[in-house]
Amino acid sequence: MQGAVLTESSTHFKHWIFSPAELLKKRQSLNQASVERVKQENAQAKKQQAIVVKTEDDSAGKKKKKKKRRKALTIEQEAKLLAFYVNQIYAVCSAYKFPFRMSATTLVFFKRFYISKSIMDLSPERILPAIFLLASKAEECVIDTGKLAAFFNMKPRQFIRLEMDVLEGLAFNLKIYHAKRPIEGFINRIRSKRGEANNTSSKRKMYTDKLKKRAIQLARDSYYADASLLFPPSQIGLACILIINRRMREERSADGKDFDDEHLDDEALIDACVPSPPSATTSSASSLSSSSSSWPQKRQRLLKQLDAVGVEIKRGEDLAVGYGKDETKNQLNQSALKILKRLQKCLNPLFNPESEEYKRLQREKKRKRDEEESAQNKREQEEDRRREAKLLGAGEEDDDKPFVLHRNDDFVPKRRKMELQPPPPPSFN
């Protein structure tokens, strides 16, 4: 229970768990702001094009090509593009052989960043290396910035300076909880409940080992969807165990085998994973009867909640399976690349180092910074001159006489009165 209390008091639980309506509202507001920006840029470009004086080639009869209007991405297109980059993150993690916590933290940082910033403001291609770098620091996982820069065809300084942008997008909340640890805890409870601790070669042990391995893989696939933003890690972990347990029972039934004591039904699984109601030794008879009677109802509500969690987990699993097959992977990649081309045209120029607007903004920032530094230096110099003038007596009336030090012969120092105390009497002891 201590771990649950710590999780609920964390920034992960307080600030980064949303309802589906809240998450959709955040994404809609970001998308709408980017759509309005693209519309304004199109209107401004059209206005500038209308007032341009025709050149000699135009007067000779050549028609000038009109620039195509840029179109902003829809929320569905943004979701497809984010899923594409989730798959790219897994590819990088596989190449580096990162542990589960490193890849999971990178994915959560990536998803959190793009519910704080629009994908049409900062391209994932530029921000991903900075997210990897920050995740490696948060999880204390060593990563070579030179190899990372080579992987993304960038220079280290290009993404190191974006690290502060990532921190601001994450609201400086870097502590992440993942579903793997709850899965391991629930599996240990199941083993303890079924007495597997002293029997390492039993069928039950093989069953729970397989259950654990497949549940962790399912939790890994869930990051393709929004489960980490909608549900706490404990619910995701328990839902993964429940889904895999049902599948293992269905697989055994498909093979024509009967269920035995090594397989758990849903109620037995929940009873093994979730703490049971208080016992008679710690509760009165009336409270025991009420708690035991309400437990089946609580268990059914919990199963219903886990089914809702399972819907989002399976959505992520479907995307993971799609990227795992060559046929669907090519289709998803081609669709994402088309969206990416459209994204390049509607990126916010104020965040693109290659755009004139970005360079102009940086020049303006540098000019203001230089002006502030110059004004500060002038203030400091003026203050130094003021102190120096005060020290030298500047501002006093000048009598046109040379500066002479006069001796004060009338000065008589005061003598201190010394009170002489008699010495203490000698002791003859």
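The legends below describe several close-up views of a predicted model.

Residues are numbered from 1 along each chain as its sequence is written, and side-chain values use heavy atoms, with hydrogens and water left out. Because the model is predicted, local features need pLDDT of at least 70 and side-chain atom pairs count only at pLDDT 80 or more, whereas totals for chains, interfaces and linings use all residues.

**Figure 1. Overview of the protein.** The secondary structure comes to 18 helices and zero strands, where helices (H or I, at least four residues) and strands (E, at least two) are DSSP runs numbered from the N terminus. Of the 429 residues in the protein, 37% are buried; buried means under 20% relative accessible area, exposed means over 50%, and partly exposed lies in between (1.4 Å probe, protein chains only). Among contacts between residues at least 6 apart in sequence, 78% join residues at least 24 apart, a contact being heavy atoms within 4.5 Å.

**Figure 2. The packing of helix H5 against helix H17.** Helix H5 (residues 75–96) and helix H17 (residues 326–345) pack at an angle of about 120 degrees, and their axes are 9 Å apart. Axes here are lines fitted to C-alpha atoms, for helices over the stretch in contact, and angles run from 0 to 180 degrees between N-to-C directions. H5 and H17 are therefore oblique to each other, given that angles under 35 degrees count as roughly parallel, over 145 as roughly antiparallel, 65 to 115 as roughly perpendicular and the rest as oblique. The crossing of H5 and H17 is left-handed; a crossing is left-handed if the near helix is turned anticlockwise from the far one by less than a right angle, and right-handed if clockwise. On the H5 side the contact involves Gln77, Lys80, Leu81, Phe84, Tyr85 and Asn87, which meet H17 residues including Lys329, Asn333, Ile339 and Leu343. The residues of this contact of H5 with H17 divide into seven nonpolar, four polar and three charged, with Ala, Val, Leu, Ile, Met, Phe, Trp, Tyr, Cys and Pro counted as nonpolar, Asp, Glu, Lys and Arg as charged, and the others, Gly among them, as polar.

**Figure 3. The packing of helix H5 against helix H6.** The axes of H5 and helix H6 (residues 100–113) come within 10 Å and cross at roughly 155 degrees, which makes H5 roughly antiparallel to H6. The crossing of H5 and H6 is right-handed. Leu82, Tyr85, Val86, Ile89, Tyr90 and Cys93 of H5 make the contact with Ser103, Thr106, Leu107, Phe110 and Lys111 of H6, and by class the residues of the contact of H5 with H6 are eight nonpolar, two polar and one charged.

**Figure 4. The packing of helix H11 against helix H12.** Helix H11 (residues 180–193) and helix H12 (residues 203–221) have axes that come within 10 Å and cross at roughly 165 degrees, and H11 and H12 are therefore roughly antiparallel to each other. Their crossing is right-handed. From H11 the contact uses Lys180, Ile183, Glu184, Ile187, Ile190 and Arg191, and from H12 it uses residues among them Lys205, Asp209, Leu211, Ala215 and Ala219. Seven nonpolar, one polar and six charged residues form the contact of H11 with H12.

Figure 5. Asp226 is found in the loop between H12 and helix H13 (227–230), and with 11% relative accessibility Asp226 counts as buried. The side chain of Asp226 makes a polar contact with the side chain of Arg27 (2.8 Å); a polar contact is a pair of N or O atoms within 3.5 Å, where, within protein, one must be able to donate a hydrogen and the other to accept it, and residues adjacent in sequence count only if both atoms are side-chain atoms. Leaving aside residues up to four places away in sequence, Asp226 touches Leu23, Arg27, Lys111, Glu312 and Arg315. Ala227 is found in helix H13 and is buried, with a relative accessible area of 0%. With the same exclusion of residues up to four places away, Ala227 touches Ser222, Ile236, Glu312 and Ile313. Ala227 and Val311 are 84 residues apart in sequence and 9.2 Å apart in space, C-alpha to C-alpha.

Figure 6. Most residues other than glycine have a negative phi.
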